[in-house]
Amino acid sequence: MILDLIYYGNPLLRERSFDIKEITDEVRQLSLDMIETMDAHNGIGLAAIQVGKKLRLIVIRPEIETTDGEFTLGEPLIFINPKITKPSIETDILSEGCLSIPKVHAEVQRPKSIWVEYLNFDGKVVIEEVQAFKAREIMHENDHLNGVLFIDRILAHKRKEIAPFLKEIKEKYN
Ligand code: CO
């Protein structure tokens, strides 16, 4: 089922989400609905709070480099109660967008690699190193769980530049 998104200006986007205590059928269904919603909007990542659920649950479609150097999207991945550790000192600056802030894009500086610990769909603990754009996707979605948006991490002059667009989104969707 495609769920309704919430948009910039909705105070829920500034709240901290709660740990999932038990992976119930409801949580599993929510994960699948989030993937359907992400795909329906041509997104590459979604946090539960973006569909109004204050749970530490994110989904992404990882960007994968093919053998001929092209980029494609992989199968959807589900991260329950993700925790990011060991961010690399080395950083990258790349453009990001967000389904809750339509049509706004800006460059964000983030670590190149991280480790992430989470529960998978079956409730198993997974700990893995993640690099490049996939790491960025996880960091962007993980920020949502703490009420942080990518526009909080951009340069002041760029923030000023997008201010009118943010105002427009606030008025249009809320
Ligand atoms: Co986002």
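Which residues does Ser 100 touch, not counting residues up to four places away in sequence? They are Ile 6, Tyr 7, Tyr 8, Leu 13, Gln 50 and Ile 169, where contact means heavy atoms within 4.5 Å. This is a predicted model, in which local features need pLDDT of at least 70, side-chain atom pairs count only at pLDDT 80 or more, and totals for chains, interfaces and linings use all residues. Residues are numbered from 1 along each chain as its sequence is written, and side-chain values use heavy atoms, leaving out hydrogens and water.

**Ser 100**
- Ser 100 sits in the loop between strand S6 (91–98) and S7; strands (E, at least two residues) and helices (H or I, at least four) are DSSP runs numbered from the N terminus.
- Because its relative accessibility is 0%, Ser 100 counts as buried (under 20% relative accessible area; exposed is over 50%, partly exposed in between; 1.4 Å probe, protein chains only).

**Cobalt site**
- Cys 98 (SG), His 140 (NE2) and His 144 (NE2) are the protein donors of the cobalt ion, 2.1 to 2.3 Å from it; donors are N, O and S atoms within 2.8 Å of the metal (3.2 Å for Na, K and Ca), and water is not among the atoms, so sites may look incomplete.
- The donor residues follow the spacing C-x41-H-x3-H.
- His 140 and His 144 are 4 residues apart in helix H2 (residues 132–145), so about one helical turn separates them.
- Both of these histidines are buried.

**Nonpolar cores**
- The largest nonpolar core has 31 residues, and Leu 57 and Phe 150 are among those with the most contacts inside it; such a core is a set of buried Ala, Val, Leu, Ile, Met, Phe, Trp, Tyr and Cys residues joined through side-chain atoms within 4.5 Å.
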